[in-house]
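These are my notebook entries on one protein chain. I set down what I looked up, entry by entry.

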Amino acid sequence: MVKSAKALLVEDDVELSASVRDFITDFLDVDQVYDGEEGEFAAGQGIYDLIILDLMLPGKNGYDILKSLRQQHLETPVLILTAKDGIDDKLHGFNVGADDYLTKPFHREELIARIKALLKRSGHFYQENVLAVGPLSVNLQNRSVVVDDAEIRLNGKEFDLLVYLVENQNTIITKEQIFDRLWGFDSETSITVVEVYMSNLRKKLKPYHADTMIKTLRNVGYMVEVTA
């Protein structure tokens with residue numbers, strides 16, 4: 001399975017965090033944070049397809065993080081991964097907005113199965129490795145883009161940008177979200193790089209009239225608009 005989805009792992013146990021990352025890195029890009037406040041900030045950017053959240057964290061606990069995210073209307077699927085195995089703990093987790101709840105210790109296969117189920121449910125796990133929108137087809141396996149019968153050559157970040165937009169079609173994506181998703185919070189690159197890559201992407205799509213799918217909402221962001 002190719003990687004197109006991106007997950008945030010909020011876990012303060014460094015060794016366990018590394019193990020979980022290794023379990024899922026074959027099909028997910030994973031960002032790791034180790035305390036509650038950093039986890040809440042990262043999750044709140046809205047750039048992740050899945051959040052794996054411990055409950056007992058330094059700074060801010062997982063319940064409060066999840067409650068805050070849901071109050072902000074952030075609908076990213078959240079899998080709670082915790083040692084708290086009481087029925088009241090589980091009920092509280094679901095009541096504040098968890099999509100799934102898995103207790104430690106856990107089996108690697110069960111973790112992977114639950115993660116894939118959440119990604120399928122939210123539309124971010126692709127068995128056929130192909131995204132299609134209008135006349136455009138994006139192959140995640142060989143990173144190729146075809147419009148009708150013509151192949152368009154995109155470099156790494158151009159391709160990633162197109163995938164991110166297509167995966168979120170009819171949804172406005174801000175420049176900040178694109179920058180954080182593709183370049184990362186810690187990148188020393190200026191956010192203006194987003195405009196550069198967007199311009200390059202449009203130029204490559206324009207000869208095939210596919211650039212018109214990408215709409216610019218001034219001072220807000222971009223959107224791949226698909227009409228029925």
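**Entry 1**

I began with strand 7 (residues 136-139), in a model that is predicted. Its covered face carries Leu-136 and Val-138, and its uncovered face carries Ser-137 and Asn-139. I noted the general rule that side chains in a regular strand alternate between the two faces of the sheet.

Next I looked up the pairing. Strand 6 (residues 130-133) runs antiparallel to strand 7 and is joined to it by four bridges. Within this pairing, Val-133 has Leu-136 of strand 7 as its bridge partner. The two strands make a hairpin with two residues between them, and Gly-134 in the turn shows a positive phi of about 55°.

Asn-139 is placed opposite Ser-144 of strand 8. This hairpin has four residues between the strands, and Arg-143 takes a positive phi near 55° there.

**Entry 2. The nonpolar cores**

Which residues of the largest nonpolar core touch the most other members? I found Leu-136, Val-138 and Ile-178, in a core of 52 residues. Helix 6 gives the most to this core, namely seven residues. I also recorded a separate core of 19 residues, with Ala-5, Ala-7, Val-20 and Ile-24 among them.

I then listed contacts for Leu-136, leaving aside residues up to four places away in sequence. Its partners include Leu-131, Val-145, Val-146 and Val-147, and also Leu-162, Leu-205, Ala-210 and Met-213.

**Entry 3. Val-166**

Val-166 belongs to helix 6 (residues 156-167). Is this residue buried or exposed? Val-166 counts as buried because its relative accessibility is 4%, and the cut-off for buried is under 20%. Beyond residues up to four places away in sequence, Val-166 touches Leu-131, Val-133 and Val-224. I also looked up its separation from Met-213, 47 residues apart along the chain: the C-alpha atoms are 9.7 Å from each other.

**Entry 4. Helix 7**

I counted six buried residues among the eight of helix 7, so this helix is largely enclosed by the rest of the structure. The buried ones are Gln-177, Ile-178, Phe-179, Asp-180, Arg-181 and Leu-182. Their cover includes strand 1 (6-10), helix 6, strand 10 (173-174), helix 8 and strand 12 (221-224). After helix 7 comes Gly-184, with a positive phi near 95°.

**Entry 5. Aromatic rings**

How many aromatic pairs does the structure hold? I found four. One of them is Phe-41 with Phe-185, a tilted pair with 5.9 Å centre to centre and 50° between the planes. Phe-41 lies in helix 2 (residues 36-43) and Phe-185 in the loop between helix 7 (175-182) and helix 8 (193-205), so the pair ties together parts that are 144 residues apart in sequence. Phe-41 is exposed, at a relative accessible area of 51%, whereas Phe-185 is partly exposed, at 31%.

For Trp-183 and Tyr-197 I noted ring centres 5.3 Å apart and planes at 65°, so this pair is edge-to-face. Trp-183 sits in the loop between helix 7 and helix 8, and Tyr-197 in helix 8, 14 residues apart. Together with Phe-179, these two residues form one aromatic cluster.

I also looked for charges over rings. Lys-157 lies over the face of Trp-183, at 5.8 Å from the ring centre. Lys-116 is placed over the face of Phe-27, at 5.0 Å from the ring centre.

**Entry 6. Backbone exceptions**

I kept in mind that most residues other than glycine have a negative phi, and that most peptide bonds are trans. Where is a cis peptide bond found? It joins Lys-104 and Pro-105, with omega about -5°. Pro-105 is in the loop between strand 5 (100-103) and helix 5 (108-122).

Arg-143, not a glycine, has a positive phi of about 55°. This residue is in the loop between strand 7 and strand 8 and counts as partly exposed, at 40% relative accessibility.

His-209 is likewise not a glycine, and its phi is positive at about 60°. The residue is in the loop between helix 8 and strand 11 (214-217). At 64% relative accessibility, His-209 counts as exposed.

Definitions and conventions. Residues are numbered from 1 along each chain as its sequence is written. This is a predicted model: local features need pLDDT of at least 70, side-chain atom pairs count only at pLDDT 80 or more; totals for chains, interfaces and linings use all residues. Side-chain values use heavy atoms; hydrogens and water are left out. Buried means under 20% relative accessible area, exposed over 50%, partly exposed in between (1.4 Å probe, protein chains only). Contact means heavy atoms within 4.5 Å. Rings of Phe, Tyr and Trp (its six-membered ring) pair if their centres lie within 6.5 Å; planes under 30 degrees apart count as stacked, over 60 as edge-to-face and the rest as tilted. A charge sits over a ring if NZ of Lys or CZ of Arg is within 6 Å of the ring centre and within 35 degrees of the ring normal. Two strands pair if DSSP finds at least two bridges between them. A nonpolar core is a set of buried Ala, Val, Leu, Ile, Met, Phe, Trp, Tyr and Cys residues joined through side-chain atoms within 4.5 Å.
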